[in-house]
Amino acid sequence: MKTFSESNFPGRLIAVEGLDGSGKSTQIYLLKRWLELEGLKVYFSEWNSSELVKAATSKGKKRELLTPTTFSLIHATDFADRYERHLVPLLRAGYLVLCDRYVFTAFARDVVRGCPPEWVRGLYDFAALPDLTFFFKADLEVSLQRILDGRPQLKYFEAGMDLRLSTDPYESFRIFQGRMIEQYLAMSTEFNFLVIDANQLVEKQQALIRELVAQKLDLEKFRRADRPRPRGGSSATRTGSALSRALKVEETVE
Amino acid sequence: MRRPAQNHIVVPRRTPRRFYGHGIPKVELERLAGRLIVVEGADGSGRSTQIAMLVEWLEGCGHATTQVGLKRSTLVSEELARAQQGNILSRTTLSLFYATDFADQLENIILPALKAGFVVLADRYIYTLMVRDMVRGMDEAWLKNLYGIALEPDAVFYLNVDPEELVQRSFAKNAALDYWESGMDLGLSRDMFDSFMQYQILMEKAFRRLQVTYGFTIVDGMRSAEEINQELRKKIGAVLAGK
């Protein structure tokens, strides 16, 4: 598998991965806001969000019809729909595409559910790899607490209840998410994950992410035609200023 | 139809089973006592007629049967039909959607029925799905991995009917050609009739390519329904006897 840059796409794809409750959605949202405000061409896509497939997925989840194999296939269908109709055309048009979860979610989750790893990887081998992947590494208890703060109960599949690990949803969630972390960490080197300490404050994480993005991508290339680069030295699309901005945030944090 | 006396019920012999690839996790193959019989062929090739006749015969012989087919899963059949109406899915998506439909039926109908010792009659199986994708340029290795979940059937019959005859049958039934069965999405020709003929020839070629790997029986579908059924019964009889 190659990245979009290695496949000669003019666009670049940034993905975030991590456990539920690791704060990755907040971080990618803030990254998106920054890039948009800088006047860049940005598109955001979320795991399991294709309109067409969503109805079937939610029916399957609600009625607990899904087995590990169909769970895997229906998510692959959702991914393929977004990939072929949105991601690829936008990346061809030179967009910065931000993905809340990418193929690694399937690589980790489906394997924990018992699908053969080679089969799952084979399913997704039509897709190019992200140019940058941020992995949010949080303590289990922190993730669990974040999810519970947002809503009173854990969801059935989120807690891995279908795996019959434990009859107690909290215990099941701990075991399930623990196995997910193992899978993610095992992939970390192979897929060049940029590991972010998700136990840190939101601002601190975001500063680091912005710094890395500005360092690794030539952001000027993604400027919208109707949003010319501002005059003067304030554009954060240049590495130096992004760095100083990042550092400034850090100062206010501490 | 000649029916054997009750005391001549053939108890199917166990034969080794396998998945084509990785298969479905945690399935105990040796517990699948039933038989899986697949009938493949284009629309209008007589699949449903043959299956209906086989059910009569099998039940008469004392075998419990169950039937599966494409786009019949509880999980995604409605959504799949809706998506197809608008022709808005791109090829990988459609392919995976069909695979989901297949997997749902495999796990919830086919495998439990085989475990219970039923004869499962499948009105099309993974081959139609693979062939459709192959003529649309999908990677064969990718398809083989995807359908590595499938159980190898005990017998696969491909009803071969000339495209000219398929057209006649389709008109006799509906006075129209189906958009997908004419391969209109491929842009082979704007003329639906031309497209249908070209598409059916492509499909048959792809089936013959798969036949080399999957070794199914090509049945001459140009004969009378009764003649064809006799051939199928003879071959299925041998399968049940474990030959």
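This is a predicted model: local features need pLDDT of at least 70, side-chain atom pairs count only at pLDDT 80 or more; totals for chains, interfaces and linings use all residues.
Start with the secondary structure of chain B. Eight helices and five strands make up its elements. Read from the N terminus, their order is β-α-β-α-α-β-α-α-β-α-α-β-α. The radius of gyration of chain B is 18 Å.

Next, the dimensions. The C-alpha trace of chain B spans about 60 × 40 × 35 Å along its principal axes. Of the 243 residues in chain B, 39% are buried; the criterion is 20 or more other C-beta atoms within 10 Å of a residue's own. Now consider how the sequence folds back on itself. Take the contacts in chain B between residues at least 6 apart in sequence. Of these, 81% join residues at least 24 apart.

Now turn to the interface. Here 26 residues of chain A are in contact with 26 residues of chain B. Three helices of chain A, α2 (51-62), α3 (68-92) and α5 (117-123), each supply at least two residues of the side that touches chain B. Which element gives the most to that side of chain A? The answer is α3(A), with 11 residues. By class, the side of chain A that touches chain B has 14 nonpolar residues, alongside seven polar and five charged ones.

Terms used
Residues are numbered from 1 along each chain as its sequence is written. Chains are lettered from A and ligands numbered from 1 in the order in which they are written. Two residues are in contact if their C-beta atoms, placed from the backbone, lie within 7 Å. Helices (H or I, at least four residues) and strands (E, at least two) are DSSP runs, numbered from the N terminus. Ala, Val, Leu, Ile, Met, Phe, Trp, Tyr, Cys and Pro count as nonpolar, Asp, Glu, Lys and Arg as charged, and the others, Gly among them, as polar. The radius of gyration is taken over C-alpha atoms; the globule rule is 2.2 Å times the number of residues to the power 0.38. A residue is buried if 20 or more other C-beta atoms lie within 10 Å of its own, exposed if 12 or fewer, and partly exposed in between; C-beta atoms are placed from the backbone.
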